[in-house]
Amino acid sequence: MTPTILGLCGSLRTQSYNRKLLNQAVQLFGPCSYQEISLNLPLYDEDLEDRDGIPEQVQHLADAIKSADGIIVVGPEYNKGLSGALKNGLDWVSRVPGGVWKTKPVAVMSAASGRSGGETAQYMLRHCLTPFGAQLISAPMVAVANAAQEFDEEGNLTNERYFTAIKGLMAELRYLSEKSH
Ligand SMILES: Cc1cc2nc3c(=O)[nH]c(=O)nc-3n(C[C@H](O)[C@H](O)[C@H](O)COP(=O)(O)O)c2cc1C
């Protein structure tokens with residue numbers, strides 16, 4: 001059976017290197033039913049939630065997380081931390097009853113302009129995902145440094161060492177996703 005894979009990108013910009021990384025990973029994952037859902041959500045505000053409930057976009061995101069067999073989360077590093085869009089998305093989804101992340105296989109990656117490829121932000125992202133009980137894949141780590149130099153015009157990575165790491169990570173995600181299917 002073809003696993004259902006959900007992609008979440010912590011950068012909202014159209015030409016995001018993290019989205020290119022996400023798309024490259026999906027290619028290397030192999031056959032799957034894939035969708036990316038935007039994290040361009042309203043800023044979490046408890047008054048807004050009390051007044052209007054969970055926004056439709058957030059419910060859609062939570063439903064997609066719940067029904068996915070595996071999830072790939074990518075994000076940039078902003079000032080040594082994870083992006084506001086990503087944290088905001090996690091906060092919103094945590095307000096939806098039912099623990100949608102529970103036992104979900106999750107692969108995390110980062111791309112950034114710095115030399116560590118957003119490693120600090122990636123660890124912060126892993127830390128923020130921990131309370132939700134997902135199956136976070138711990139290795140291999142994929143952190144694309146100097147991101148602007150690493151993708152060709154078609155959005156493909158050019159450095160073989162990243163391919164090897166992404167293939168390893170996607171193989172693990174495939175194994176866990178097929179088990180949870
Ligand atoms: C507000 C801001 C803060 C940033 N802070 C960092 C940082 O701490 N470390 C780093 O490696 N790059 C940093 N960058 C550069 C990003 O890594 C770079 O813009 C990257 O391409 C963003 O990801 P994207 O291409 O997916 O949008 C920062 C960029 C912005 C806009």
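Is Asn 146 buried, exposed or partly exposed? Asn 146 comes out as partly exposed, because 14 other C-beta atoms lie within 10 Å. Here a residue is buried if 20 or more other C-beta atoms lie within 10 Å of its own, exposed if 12 or fewer, and partly exposed in between, with C-beta atoms placed from the backbone.

This is a predicted model, where local features need pLDDT of at least 70 and side-chain atom pairs count only at pLDDT 80 or more, while totals for chains, interfaces and linings use all residues. Residues are numbered from 1 along each chain as its sequence is written.

**View 1. The whole chain, for orientation.**
The chain has 6 helices and 6 strands, which run along the sequence as β-α-β-α-α-β-α-β-α-β-β-α. Helices (H or I, at least four residues) and strands (E, at least two) are DSSP runs, numbered from the N terminus. The C-alpha atoms fill a box of roughly 50 × 40 × 25 Å along the principal axes. A compact globule of 181 residues would have a radius of gyration near 16 Å, and the chain agrees at 16 Å; that radius is taken over C-alpha atoms, and the globule rule is 2.2 Å times the number of residues to the power 0.38. Of the 181 residues, 40% count as buried. Among contacts between residues at least 6 apart in sequence, 82% join residues at least 24 apart; two residues are in contact if their C-beta atoms, placed from the backbone, lie within 7 Å.

**View 2. Helix H3 and its buried face.**
H3 covers residues 56–67, and at 1.5 Å a residue its 12 residues should span 16 Å, in agreement with end C-alpha atoms 16 Å apart. The expected span is 1.5 Å times one less than the number of residues. Val 58, Leu 61, Ala 62 and Ile 65 are the buried residues of H3. Look down the axis of H3 and these buried residues fall within an arc of 95°, so they line one face of the helix; the arc is that of the directions from the helix axis to the C-beta atoms. As a reminder, an α-helix has 3.6 residues a turn, so residues three or four places apart point the same way. The packing partners of the buried residues of H3 are strand E1 (4–9), strand E3 (70–75) and helix H4 (84–94). Turned away from the buried side, Glu 56 and Ser 67 are exposed.

Ala 121, Gln 122, Leu 125 and Leu 129 are the buried residues of H5. Seen down the axis of H5, they fall within an arc of 100°, so they line one face of the helix. Their cover includes E3, H4, E4, E5 and E6. Thr 130 sits in the loop between H5 (119–129) and strand E5 (135–136), and counts as exposed with 10 C-beta neighbours inside 10 Å. Thr 130 and Trp 101 are 29 residues apart along the chain, with their C-alpha atoms separated by 9.8 Å.

The 21 residues of H6 should span 30 Å at 1.5 Å a residue, and the end C-alpha atoms agree at 30 Å apart. Met 170 belongs to this helix, residues 160–180. With 25 C-beta neighbours inside 10 Å, Met 170 counts as buried. Leaving out residues up to four places away in sequence, Met 170 touches Ala 25, Leu 28 and Phe 29. Other buried residues of H6 include Tyr 162, Ile 166, Leu 169 and Arg 174. Among the elements covering the buried residues of H6 are E1, helix H1 (17–29), strand E4 (105–111) and strand E6 (142–144).

Most residues other than glycine have a negative phi, and most peptide bonds are trans. Asn 146, in the loop between E6 and H6, has a positive phi near 45°. Lys 80, in the loop between E3 and H4, also goes positive, with phi of about 70°. Lys 80 is exposed, with 12 other C-beta atoms within 10 Å. In the loop between E5 and E6 we find Pro 140, joined to Ala 139 by a cis peptide bond with omega about 0°.
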